[in-house]
Amino acid sequence: MSATRDKWRTAISYGDKHSVVLRGYDLAELVGKVSFAEAFLLLATGELPPPGHAKLLDAMMVSVLDHGIVPSSIVTRYLASAGSPIQAAVAGGVMAFGDTYGGACEQLGEQLAAHVPEIRAGRETQEQAASAIVKHFFSQGRKVPGYGHALHPEGDPRVPRLYRIADANGVTGDYSRLALAMEDALLKVKGRKLPMNQDGALGALGLDMGFDWRLLRALAFMPRSAGLAVHALEEMTREAGWRHVPDEEITYDGPPRRPLGRD
Ligand SMILES: CC(C)(COP(=O)(O)OP(=O)(O)OC[C@H]1O[C@@H](n2cnc3c(N)ncnc32)[C@H](O)[C@@H]1OP(=O)(O)O)[C@@H](O)C(=O)NCCC(=O)NCCS
């Protein structure tokens, strides 16, 4: 391998004897002057965000901080109960964010990111883009990620709250407008209102703030890892350890006992 290919490159940050520098700014100067959300946006987009963006990102991170006993916290608590170190328990819970659970913001975001440039270039109307995205998922026999909610069929109450903050801070943009237009496209096809859910709002607003669509899942698993750490601690300190599935909840439906037939 050539010497150049062996080199590590990063435009994010570096540290030397006297300082740590993030995207050109001295970290010691940032400390106490910018919020965590502002610094995260600086890392993710390369620039300090316009005023108001960090306020929304902070609200988004609070909205996904913890959701009780759900797949990610179950994995974390199993690992903690088995005696794994806290970071392994949290990492396990983070790894539960997959295509079926926790991945809707990225799946929707990829489509929004593909269509918004087409709308901006005048090659597609918003309505055409919205129905193309709905078709894209339906043609694969999939529901449209980021819409519908088992618990809140009338709409997840966190979504209008986030959009109030986004509107007030001038964040709502083309990605959100397209995502909201998809509610109409879904209504046309399904004949029922399927409101944008929390994952959909994370995806659309994340793009409006300048996140790359491939980073959108981090908007969910990054704040949730804080919640998972507390779940790990609670499991270690309050429960008996070695959590396992009770025998009466396990059904074996493989072949019945049979002889090996060998001496
Ligand atoms: C979240 C979800 C599982 C809730 O489902 P639910 O309220 O129990 O609704 P069901 O899966 O029983 O679906 C009821 C009907 O609405 C339709 N529907 C629900 N969500 C839909 C969506 N996102 N896109 C298209 N159709 C949807 C179903 O196809 C079904 O239609 P049918 O009666 O013609 O068969 C479902 O809306 C979904 O899979 N959404 C996409 C994934 C997603 O956003 N996940 C993050 C959740 S926060």
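Among contacts in the protein chain between residues at least 6 apart in sequence, 70% join residues at least 24 apart. The structure described here is a predicted model. Its protein chain comprises 263 residues, of which 34% are buried. Along the principal axes, the C-alpha atoms of the protein chain occupy a box of roughly 75 × 60 × 45 Å. The secondary structure of the chain consists of 12 helices and three strands.

The domain assignment divides the protein chain into domain 1 (11-49), domain 2 (62-101 + 217-241) and domain 3 (104-215). Between domain 2 and domain 3, the C-alpha centres are 27 Å apart. The contact between these two domains involves five residues of domain 2 and eight residues of domain 3. On the side of domain 2 that touches domain 3, the most is contributed by helix α12 (residues 218-238), which supplies three residues. By class, this side of domain 2 has three nonpolar residues, one polar residue and one charged residue.

The strands form an open sheet of three in the order β1-β2-β3, with antiparallel pairing. Strands β1 (13-15) and β3 (25-26) are the edge strands, each pairing on one side only. Strand β1 is joined by three bridges to strand β2 (residues 20-22), and the two run antiparallel. Within this arrangement, serine 13 is positioned opposite leucine 22 of β2.

Phenylalanine 36 is located in helix α3 (residues 36-45). With 12 other C-beta atoms within 10 Å, phenylalanine 36 is exposed, since a residue with 12 or fewer such neighbours is classed in this way. A distance of 9.6 Å separates the C-alpha atom of phenylalanine 36 from that of leucine 57, although the two residues are 21 residues apart along the chain.

The buried residues include Gln198, Asp199 and Asp208, together with Leu202, Leu205 and Leu207. The elements against which the buried residues of α11 pack are α4 (53-63), α7 (104-120), α9 (158-168), α10 (174-190) and α12. Glycine 210, which follows α11, has a positive phi near 100°.

In soluble globular proteins, nonpolar side chains tend to be buried together. The largest nonpolar core in the model contains 55 residues, among which Met182 and Leu205 touch the most other members. Leucine 205 is one of the buried residues of α11. When residues up to four places away in sequence are not counted, leucine 205 touches Leu56, Met60, Leu162, Ala166, Val171 and Ser176.

The surroundings of the ligand were also examined. A shell of 16 residues surrounds the ligand, the closest being Ala104, Lys143, Val144, Tyr147 and Gly148. Two or more residues of this shell are given by each of the elements α10 and α11. In composition, the shell around the ligand has eight nonpolar, five polar and three charged residues.

Conventions:
Residues are numbered from 1 along each chain as its sequence is written. This is a predicted model: local features need pLDDT of at least 70, side-chain atom pairs count only at pLDDT 80 or more; totals for chains, interfaces and linings use all residues. Domain bounds come from an automatic or database domain assignment. Two residues are in contact if their C-beta atoms, placed from the backbone, lie within 7 Å. Helices (H or I, at least four residues) and strands (E, at least two) are DSSP runs, numbered from the N terminus. Ala, Val, Leu, Ile, Met, Phe, Trp, Tyr, Cys and Pro count as nonpolar, Asp, Glu, Lys and Arg as charged, and the others, Gly among them, as polar. Two strands pair if DSSP finds at least two bridges between them. A residue is buried if 20 or more other C-beta atoms lie within 10 Å of its own, exposed if 12 or fewer, and partly exposed in between; C-beta atoms are placed from the backbone. A nonpolar core is a set of buried Ala, Val, Leu, Ile, Met, Phe, Trp, Tyr and Cys residues joined through C-beta atoms within 7 Å. A residue is near a molecule or strand if its C-beta atom, placed from the backbone, lies within 6 Å of it.
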